[in-house]
Amino acid sequence: MSDSKKTVQIYFHWMDIERKKKGADNTPYSIDTICAVLSTLFSDIVKKELQDKKHDAKRKKKVVWLESVDDLGDGNFNIVFKSAKYDQSRKVRDTDTMDELGIQKRPQDGDEEKTHFCIRLRKGAERFTAVLESNSLGITVSDVAIYLNNKFHSVQEDSTENYSYTVSFEMMLGEDFLVELDKMKKINLLRITIDIAELGGDFQDFAGTNEVRSTVELYLRKNRGKGVNIPKNLISNTYNQHKSANPKKQIKKIAVEGANDSGNLKIDTDSIHMKHSIEVDTFQPTNEVSTTDFFDKVNASINEMGV
């Protein structure tokens, strides 16, 4: 039984798993096979000893490990990650009495933190919806990507399978972009960031070059003249393409510059991340979220939002 409740934010992402050939094989990409590979990876990890599960994110001075996985079948998983940030030894003080209690942690001691993460296969698309609990003391989606790719790499080194796999995440966009766009009275500039390989022609030579960024920016400016604007429907159609679940889409970012009633305004898709607040049970004294209640509330949110 939980002791109290708190409101937490959850963030939505697209999750893709890229398959690369190790040898000659023309087997078509199958999302069912990808789900099976992912299931096997999680099963292999949870069976390991804790020392073998962990990944040391030295730059963040934090260790991360996969604590548990509930495989729901058909590419759906409820996952608990744990982490411990170390090298944070400080003097401790009782904030009621203000008495100094001394240093109570060694540099290698870390505060254990739980972060919830779930994966849902999006019906009709060869990609997944991923939902992460927002926990400033826990881990980020980039930590999840590094952890899973590190474990995939470890498994693949000893595997005779013809393929290797890489996990990547892309933020899912909220509807606030279109809300803010609708408020704009003047639109001077539309900037679209795309994969350089999409340009083709002479630019194809730059694709894959380590010294050159993999993306380029296209600038669309309005014609001269008072009252002339870049059409909002052009931007909203571009946005809807960007927001689609097509894993092959190449638009990476959309930015708009103009003005609304309050003055000059800049909006972009990277700053408008789909998120949602849920009220969940917690346990004291750690104030950590109840795992069962978290996944129940997330399932309800996913069904309600249709993602």
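Mentor: Among contacts (heavy atoms within 4.5 Å) in the protein chain between residues at least 6 apart in sequence, 67% join residues at least 24 apart. This is a predicted model, in which local features need pLDDT of at least 70 and side-chain atom pairs count only at pLDDT 80 or more, while totals for chains, interfaces and linings use all residues. Residues are numbered from 1 along each chain as its sequence is written, and side-chain values use heavy atoms, with hydrogens and water left out.

Trainee: How many helices and strands are in the protein chain?

Mentor: Helices (H or I, at least four residues) and strands (E, at least two) are DSSP runs, numbered from the N terminus. The protein chain has six helices and 15 strands.

Trainee: Which residues touch the most other members of the largest nonpolar core?

Mentor: A nonpolar core is a set of buried Ala, Val, Leu, Ile, Met, Phe, Trp, Tyr and Cys residues joined through side-chain atoms within 4.5 Å. Buried means under 20% relative accessible area, exposed over 50%, and partly exposed in between (1.4 Å probe, protein chains only). Here the largest such core has 33 residues, and Phe81 and Ile119 touch the most other members. Elements that each supply at least two residues include β1 (4-21), α1 (31-46), β4 (76-85), β7 (111-121) and α3 (141-157). With eight residues, α1 gives the most to this core. A second, separate core of 19 residues includes Leu181, Ile192, Leu265 and Ile272.

Trainee: How is a pair of packed helices described?

Mentor: Two packed helices are described by the angle between their axes and the distance between the axes. Axes are lines fitted to C-alpha atoms, for helices over the stretch in contact, and angles run from 0 to 180 degrees between N-to-C directions. In this model, the axes of α1 and α3 come within 11 Å and cross at roughly 90 degrees. The two helices are therefore roughly perpendicular, a term for angles of 65 to 115 degrees.

Trainee: Which residues of α1 and α3 meet?

Mentor: Val37, Leu38, Leu41, Phe42 and Ile45 in α1 meet Tyr147, Leu148, Lys151, Phe152 and Val155 in α3.

Trainee: Is aspartate 109 buried or partly exposed?

Mentor: Aspartate 109 counts as partly exposed because its relative accessibility is 23%. Aspartate 109 lies in the loop between β6 (100-103) and β7. Aspartate 109 and lysine 85 are 24 residues apart in sequence and 7.9 Å apart in space, C-alpha to C-alpha. Leaving aside neighbours within four places in sequence, aspartate 109 is in contact with Lys85, Tyr86 and Asp87.

Key:
Angles under 35 degrees count as roughly parallel, over 145 as roughly antiparallel, 65 to 115 as roughly perpendicular and the rest as oblique.
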